[in-house]
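Please look over the notes below with the model open beside you.

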Amino acid sequence: MGKRLWVERNKDGSWDAFSEDGAHAKFGKGKGLFSPGDLLKISLAACGALSSRFAIESVLGEGAGAHIVVDGAYDDDDDVFLSFDEQLTVDATDANLSDADADKLKERIIRHIDKSCTVKHSMEREEPVRLNVTVRH
């Protein structure tokens, strides 16, 4: 089992997400809050960022990274995302890469993400979600 995560509702209607190791995120509905759908897309982008880090840093140096934008096609009637588009951009303008070297970096990034992005693997696999409800009274 992974690390323990939980959410709690605030008096203002927003929610806070916590992890057992101290991470925290605020979400909900309204201005300035991420929706659960936003968090799903952020998870995909974050996974791509972390999975591609070594490939990018090994060519461009420590601290180099990517800009990743994720969008999703959403079906209002069924309340479901139908697909996701992920655009990863690496600014390598200062590295003076040849076309061949840029292509090698691109392929290496794709391999790293395909190999180690758990969120992408899970979304593509369509894992079932088991729900257990307890009402304490």
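1. Start with helix α1, which gives the most to the lining of the largest pocket, with 4 residues. Helices (H or I, at least four residues) and strands (E, at least two) are DSSP runs, numbered from the N terminus. This is a predicted model: local features need pLDDT of at least 70, side-chain atom pairs count only at pLDDT 80 or more, and totals for chains, interfaces and linings use all residues. Residues are numbered from 1 along each chain as its sequence is written, and side-chain values use heavy atoms, without hydrogens and water.

2. The largest pocket holds about 560 Å³ of space. A pocket is an open set of points on a 1 Å grid where a 1.4 Å probe fits, with protein on both sides within 12 Å along at least five of seven lines; lining residues have an atom within 4 Å of a point. Volume is the space filled by probe spheres set on the points.

3. Where does the largest pocket lie? Domain 1 (1-34) and domain 2 (35-136) both give residues to its lining, so the pocket lies between them. Domain bounds come from an automatic or database domain assignment.

4. Now the second largest pocket, with a volume of about 370 Å³. Of its 14 lining residues, the closest to its centre are Leu88, Val90, Lys106, Ile109 and Ile110. Helix α2 gives the most to this lining, with 7 residues.

5. Asp79 lies in the loop between β4 (66-75) and β5 (80-90). Its phi is near 55°, a positive value. Asn96, in the loop between β5 and α2 (99-116), has a phi near 50°, a positive value.
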